[in-house]
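This briefing describes selected helices, strands and packing contacts of one protein model. Please consult the sequence and structure shown below while reading.

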Amino acid sequence: MVDKYRATLRKYWGYDDFRGIQREIIESIDSGHDTLGLMPTGGGKSITFQVPAMLHEGVCLVVTPLIALMKDQVSHLRAKGILASAIYSGMSHQEIVTTLDNAVFGGVDILYVSPERLASELFLIKLRHMRVSFITVDEAHCISQWGYDFRPSYLRIADIRHIKPEAPVLALTATATPQVVDDIQERLAFKEKRVFRMSFERKNLAYVVRQTTDKQAELLHILSSVPGSAIVYARSRKRTKDTSEWLNACGVSATFYHAGLESGVKDQRQKEWQAGKVRVMVATNAFGMGIDKPDVRMVAHIDCPDSLEAYFQEAGRAGRDGKKAYAVLLYNSSDKRKLTKRISDTFPTKEYVREVYDHLADFFQMGVGGGEGTTHEFDIDKFCRNFHHFPVHVDAALKILQRAGYLEYDADPDNNARLRFMLARDQLYLLENTSPTEERVIDALLRLYGGLFSDYCFIDESAVAYKAGIDSSTVYMTLKGLGKRRIVHFIPRRQMPAIYYTQRREDGHRLMLTRDVYEDRKESYEARIGSMVDYATNDSVCRDISVRRAPPTAGSATSV
């Protein structure tokens, strides 16, 4: 009898057999069971949905927050002859429509989509006409409010199940506590609990804690002792930049990465690091998910994460090639104080949360009983100046108000610039008096984006700049100039958070901040911090064991 699973694996990927629990997960989802797979980073998660996708009629829908990973996997799958596509920000409306139509009419085997796109009316309409074999949820811990990396957009996945109730769900994650495991299955409406766990033991990865009063000197010493590619995690954006500049001054090639950089800059730096042109990536926790670089010899933390779960996830990016690698935590006496302070920063008093809520109403000039269903741009710096708040505390208060259901807070909206050509393509080639810079920008736009003559398209100014060989500020001014000449219609990007009122405005003292919204989560967060301190200071327990005994978690580790 032909083994259809191994035959498919061999045909498309060239492997003779599966690793770990890959086959058990594939057999489970192939039999129509809702399935949760817990697999370490580098454990081969993608095989568990790509193989059964090729054995079923219809589309395997893959929900993932990682645009870079989408593009990479689509490219690799197409090279193998697999019909794969993706929908993400930056595509024109027509490109999205074409991709969805292809999925409806059988031209797509695997469709990647970001969780934010699930709320799109266009997507929901097309989904109803799509034959979906099963739904894969990557980075599934993001759906749990008890998880360390909760993302509200993931909650929309449950809505998809109502539209396609016959399609089973495969949830995959590299990190989840017992509490999060239960929460994932509940929020994804599993018909029955079904979990497969792979051993997280990494014999090639040594976990080390270095007690030091001079973290920079110790980091430089370790980098000189451990050759090869490295990641250094820092808590703040400023610290990534400062550390990168200091390493370069010391003769160690480094670059830095955080969520505040333009996407084109992030892509360029990631590619340079992955290609080995830069040895060290200094980054916040915005860097890492979906990074496929097997030869990282060391991951160092110069600041403590606020949970062992997050630490294990980040440290596990070292040594995926199976060769010796190191996970190093640099720790000193001030770290415990900083970790403890994060508790009050993350959970300001209820009185303070109510005060921020009332000040928001004053800021937006909103009376009691009004505001329901309205969206407001939120200049957090101006708000803090007007009402004498600190941004970190306001940010935390807004997240608590969001959990309580009074508002939605989008701290990092999808706000790329948009552009459309106002001329037809043949008219464009007849233009006169265009400068060399304008020609380079126009050429870069045409090479990077399709559909610009028929519809508005999200564009990345830094990507255009890289393609044209000029800086981003020059691209911006050039596009503004082309707009004045009515060659293009250019809508610049905005980096303004937004607040959406889900309920009518109440008096602050009437807010219901229940125990499950506040006290339970604060207690769980305190336990996370305590476990991190214990790990850093306890020399009597094997660190590998202590890392894998991460406690239940709560709250969100925001990409910064």
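**Helix α14 and its setting**

Helix α14 covers residues 350-363; its 14 residues reach 20 Å from the first C-alpha to the last, close to the 20 Å expected at 1.5 Å a residue (the expected span being 1.5 Å times one less than the number of residues). The model is predicted: local features need pLDDT of at least 70, side-chain atom pairs count only at pLDDT 80 or more, and totals for chains, interfaces and linings use all residues. Residues are numbered from 1 along each chain as its sequence is written, and side-chain values use heavy atoms, with hydrogens and water left out. Helices (H or I, at least four residues) and strands (E, at least two) are DSSP runs, numbered from the N terminus.

- The buried residues of α14 are K350, Y352, V353, V356, Y357, H359, L360, A361 and F363; buried means under 20% relative accessible area, exposed over 50%, and partly exposed in between (1.4 Å probe, protein chains only).
- Cover for these buried residues comes from elements including α15 (380-387), α16 (391-403), β15 (407-410), β19 (498-501) and α21 (519-537).
- After α14 comes Q365, which has a positive phi near 55°.

*Packing of α14 on α15*

- The axes of α14 and α15 come within 11 Å and cross at roughly 105°; axes are lines fitted to C-alpha atoms, for helices over the stretch in contact, and angles run from 0 to 180 degrees between N-to-C directions.
- From α14, residues V356, H359, L360, D362 and F363 meet K382, F383, N386 and F387 of α15; contact means heavy atoms within 4.5 Å.
- The residues of this contact between α14 and α15 divide into five nonpolar, two polar and two charged. In this classification, Ala, Val, Leu, Ile, Met, Phe, Trp, Tyr, Cys and Pro count as nonpolar, Asp, Glu, Lys and Arg as charged, and the others, Gly among them, as polar.

- Helix α21 has 19 residues and reaches 27 Å from its first C-alpha to its last, close to the 27 Å expected at 1.5 Å a residue.
- Its buried residues are R521, S524, Y525, R528, I529, S531, M532, V533, Y535 and A536.

*The three-stranded sheet*

- An open, antiparallel sheet has three strands in the order β14-β19-β15; two strands pair if DSSP finds at least two bridges between them.
- β14 (375-377) and β15 are the edge strands, each pairing on one side only.
- On average, neighbouring strands of this sheet are turned by 15° against each other, direction ignored.
- β15 and β19 run antiparallel and are joined by four bridges; D410 stands opposite A498 in β19.

*The six-stranded sheet*

- Six strands form an open, parallel sheet in the order β8-β13-β12-β9-β11-β10.
- Its edge strands are β8 (205-211) and β10 (254-257), and each pairs on one side only.
- Neighbouring strands here are turned by 20° against each other on average, direction ignored.
- Four bridges pair β12 (residues 296-301) with β13 (residues 325-331) in the parallel sense, and H301 stands opposite L329 in β13.
- Helix α10 (residues 237-249) lies across β10 and β11 (280-283), running at about 175° to β10.

*Strand β5 and its partners*

- Strand β5 (residues 132-137) is largely enclosed by the rest of the structure, because six of its six residues are buried.
- β5 pairs in the parallel sense with β2 (residues 59-63) over five bridges, and the bridge partner of V62 in β5 is T136.
- β5 also pairs in the parallel sense with β6 (residues 169-173), over three bridges; V137 stands opposite A171 in β6.

*Packing of α18 on α20*

- Helices α18 (residues 436-448) and α20 (residues 472-484) have axes that come within 10 Å and cross at roughly 95°; they are therefore roughly perpendicular to each other.
- T437, E438, V441, I442 and L445 of α18 meet T474, V475, T478, L479 and L482 of α20.
- By class, this contact of α18 with α20 has six nonpolar, three polar and one charged residues.

*Residue Q270*

- Q270 is found in helix α11 (residues 263-274) and is buried, with a relative accessible area of 13%.
- Leaving aside neighbours within four places in sequence, Q270 is in contact with Y257, M281, F287 and I291.

Note on methods:
Parallel < 35°, antiparallel > 145°, perpendicular 65-115°, else oblique.
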